[in-house]
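Reader: I would like to check some assignments against their criteria. Show me the model, please.

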Amino acid sequence: QVQLVESGGGLVQAGGSLRLACAASGRPFSSYAMGWFRQAPGKEREFVAAISRNDGNTDYADSVKGRFTISRDNAKNTVYLQMNSLKPEDTAVYYCAARTDWGTRYPYWGQGTQVTVSS
């Protein structure tokens, strides 16, 4: 089991930046591949970015490529999402999630953090 707690959300103007963090506790953090998802009001939850356990392999949704960067610090049990050039359409609740390996489902989720981008 792993517990996940997101932080770093807030209100930012379009074009601005935010960095989200997700702190993990429980089983060793390096045991998990991590992902970020988001859900806007009235919309389905969607994939944002993912990172593998140790080799730094990453994946991004087309809508955030070139603007968002996922990274992890296994020594700090934390995964990050650096979000640059934010757009109003990036407004959503952002969730981090953990899975045991690349390509498997995500059974563990955080509670989410709100990101609001004003125009």
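Reader: In what order do the four strands form the open sheet, and is the pairing parallel or antiparallel?

Author: This is a predicted model. The order is β1-β3-β8-β7, and the pairing is antiparallel.

Reader: What makes β1 and β7 edge strands?

Author: β1 (2–7) and β7 (68–73) each have a single partner strand, so one side of each lacks a neighbour in the sheet.

Reader: How do you know that β7 and β8 pair?

Author: Pairing requires at least two bridges. β7 and β8 (residues 78–83) have six, in the antiparallel sense. I70 stands opposite L81, and T69 opposite Q82.

Reader: Which residues of β7 lie on its covered face, and which on its uncovered one?

Author: F68, I70 and R72 are on the covered face; T69, S71 and D73 are on the uncovered one. In a regular strand, side chains alternate between the two faces of the sheet.

Reader: Why is the contact of E46 and R38 called a salt bridge?

Author: The cut-off is 4 Å between nitrogen and carboxyl oxygen. E46 and R38 meet at 2.6 Å, N to O, so the pair qualifies.

Reader: Why is R38 called buried, but E46 partly exposed?

Author: Buried means under 20% relative accessible area, and exposed means over 50%. R38 has 6%, so R38 is buried. E46 has 35%, which falls in between, so E46 is partly exposed.

Reader: What makes D90 and R67 a link between separate parts of the sequence?

Author: Their closest N and O atoms are 2.7 Å apart, in a salt bridge. D90 lies in the loop between β8 and β9 (92–99), and R67 in the loop between β6 (58–60) and β7, so the pair ties together parts 23 residues apart in sequence. Salt bridges with shared partners join R38, E46, R67 and D90 into one network.

Definitions and conventions:
Residues are numbered from 1 along each chain as its sequence is written. This is a predicted model: local features need pLDDT of at least 70, side-chain atom pairs count only at pLDDT 80 or more; totals for chains, interfaces and linings use all residues. Side-chain values use heavy atoms; hydrogens and water are left out. Helices (H or I, at least four residues) and strands (E, at least two) are DSSP runs, numbered from the N terminus. Buried means under 20% relative accessible area, exposed over 50%, partly exposed in between (1.4 Å probe, protein chains only). A salt bridge is a side-chain nitrogen of Lys or Arg within 4 Å of a carboxyl oxygen of Asp or Glu.
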